[in-house]
Amino acid sequence: MKKREIILSGFGGQGVMSIGKNLAEAGVVEGLEVSWVPSYGPEMRGGTANCTVILSEHRIGAPLVEQTTEIVVMNRPSLIKFEPTLEPGGIAFINSSIVPDKVTRDDIRAVYVPCDAIAAELGNLKVGNMVMLGAYIGATEALKVETIEEMIHEMFTGKKAKLVPLNLEALHRGIACAKEQMA
Amino acid sequence: MKREIWKGSEAIAEAAIRAGCRGFFGYPITPQNEIPEYMSLKMPESGGVFVQAESELAAINMVYGAAASGMRAMTSSSSPGISLKQEGISYMVGAELPGVIVNVMRGGPGLGSIQPGQSDYHQATRGGGNGDYRMVVLAPANLQEAVDVMADAFDIADQYRNPVMVLADGLIGQMMEPIVWKEHTPRVLPEKTWAADGRRGRAHNNFITSLLLEADACEKRNIGLKAKFDEMEKNECRWEEVNTEDAEVILVAYGTPARIALSAAEQLRAQGIKAGVLRPITVWPFPHARLRELAEGSCRGFLAVEMSQGQMVDDVRMAVGEKKPVGFYGRCGGVVPTVSEVRLAAEEFFKEVQ
């Protein structure tokens with residue numbers, strides 16, 4: 001498998017940390033080496049937060065990256081900041097419900113995912129990040145869809161079990177959205 | 001065994017509880033607040049004591065007290081907070097009390113920054129408190145190692161009746177990685193017959209102090225301590241080597257910079273420069289003997305990489321002496337060096353020494 005070096009970035013509360021965590025957790029399930037590093041510092045409430053996730057078949061050295069294979073962009077400042085980090089051929093996943101801009105480079109690919117619009121259609125704005133996770137999996141095939149599906153079943157149990165179908169649908173809407181654009 | 005994903009600070013706290021720690025005393029400071037946060041929830045569940053002390057001084061002295069009663073106890077903090085604990089650490093050594101101190105280092109000096117740093121190396125390995133003292137300092141570079149060394153830290157502390165420090169950096173504290181909770185085989189440890197835990201039918205009271213007003217008695221205590229430090233030096237030194245056998249240049253680094261050095265060394269190999277990494281896992285005792293041995297071999301030089309302006313490099317120089325050139329590359333104040341920076345520094349250094 002190709003080593004994945006991903007930066008996920010957005011406003012606090014948009015779920016970028018948890019998308020990253022889901023990727024790392026799924027990587028562990030699939031027997032990969034993984035690392036997850038949050039940006040931390042004197043952050044402003046409501047400001048931009050990011051995390052770096054690495055998925056690899058080999059021991060992970062530096063957990064911070066200079067060049068990314070993919071970026072997940074949930075707000076405008078994140079696109080400006082992290083588009084330059086993409087390696088040629090890398091993919092930018094952009095929440096097009098929030099970010100009106102297109103990528104400026106022609107040596108990278110972009111997948112525009114209207115996360116919030118799809119989440120609204122599904123009746124719960126909280127699943128926007130699950131839509132984005134689906135898009136990532138759909139475009140990169142870095143992890144198995146079944147792994148994420150199982151994780152969703154494990155994430156929502158007891159009283160929350162009723163959220164499983166909603167999250168599964170969000171995941172698959174994201175996958176479909178990405179597949180369409182990658183075709 | 002099942003691999004689980006954990007956050008560094010929380011994993012360190014859980015590892016301490018699993019190691020039998022039943023007293024945690026701390027005072028909040030970034031970037032290690034998840035340790036006390038986790039302890040506040042889990043320590044009472046484990047039948048232990050959690051106290052958010054009124055200050056770092058109070059916290060380390062509570063560790064002193066708990067340890068004196070025979071309990072496995074610890075504290076954690078970050079750089080400026082650890083400075084405040086130095087007096088207590090010196091007293092614990094003087095009173096021959098075991099205990100574990102975790103320092104999740106940030107940028108210094110003073111209040112500095114809250115991002116990862118390594119500028120407390122001298123303080124940790126040379127003693128920031130007064131008196132002739134040493135303590136084993138374990139410096140994990142990944143979360144598996146962080147949890148593994150926590151169990152060892154309490155054993156080492158009990159074996160020698162001496163505090164042990166776990167020296168991590170902000171990145172190790174904040175990151176998440178998979179770990180396996182291994183079965184820890186505890187060391188065979190002496191009974192704590194010295195503990196001040198009540199009379200318990202003894203003919204005497206156990207009395208614990210670092211105050212020995214008679215010079216002769218104090219010297220005797222010091223000689224006894226020195227014998228323990230010599231044992232620690234002999235028994236507890238650990239390090240890891242990657243591709244050092246044929247290396248032309250050896251990067252020496254601990255903690256997060258060791259991971260960056262590993263990535264840089266891989267890139268250097270791909271470019272045709274045979275690079276290796278020596279990673280001290282204990283920074284005291286430091287693997288001087290092994291470095292000296294490598295310096296006598298075919299390698300052209302050593303490059304120390306740190307998140308400081310050069311502290312561990314002193315130990316590298318001490319080990320290597322005049323045998324081979326020693327270089328240094330570091331970032332500080334909370335800045336984490338990039339792989340390409342370290343690779344370029346190594347290329348430059350290699351040009352000078354080849």
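How many residues does the contact take from chain A and from chain B? The contact takes 17 residues from chain A and 20 from chain B, where two residues are in contact if their C-beta atoms, placed from the backbone, lie within 7 Å. The model is predicted: local features need pLDDT of at least 70, side-chain atom pairs count only at pLDDT 80 or more, and totals for chains, interfaces and linings use all residues. Residues are numbered from 1 along each chain as its sequence is written, while chains are lettered from A and ligands numbered from 1 in the order in which they are written.

On the side of chain A that touches chain B, α1 (16-29) and β2 (33-38) of chain A each give two or more residues. Helices (H or I, at least four residues) and strands (E, at least two) are DSSP runs, numbered from the N terminus. β2(A) gives the most, with five residues. This side of chain A divides into 11 nonpolar, three polar and three charged residues. Ala, Val, Leu, Ile, Met, Phe, Trp, Tyr, Cys and Pro count as nonpolar, Asp, Glu, Lys and Arg as charged, and the others, Gly among them, as polar.

Chain B is divided into domain 1 (3-235) and domain 2 (240-353), with bounds from an automatic or database domain assignment. The C-alpha centres of the two domains of chain B lie 28 Å apart. In chain B, 27 residues of domain 1 are in contact with 21 residues of domain 2. The domain 1 side draws two or more residues from each of α6 (121-126), β6 (137-138), β7 (163-169), α8 (170-174) and α9 (215-235) of chain B. Its largest share, four residues, comes from α6(B). The domain 1 side of chain B comprises 14 nonpolar, nine polar and four charged residues.

Chain B also holds an open sheet of seven strands with mixed pairing, in the order β3-β2-β4-β5-β7-β6-β12. Two strands pair if DSSP finds at least two bridges between them. β3 (49-52) and β12 (282-284) of chain B are the edge strands, each pairing on one side only. Strands β2 (23-26) and β4 (73-77) of chain B pair in the parallel sense over two bridges. Here B:Phe24 stands opposite B:Met74 in β4(B).

Two helices of chain B pack on this sheet. Helix α2 (34-45) of chain B touches β2, β3, β4 and β5 (99-105), and its direction makes about 145° with that of β3(B). Helix α7 (143-160) of chain B touches β5, β6 and β7, with about 160° between its direction and that of β7(B). Axes are lines fitted to C-alpha atoms, for helices over the stretch in contact, and angles run from 0 to 180 degrees between N-to-C directions.
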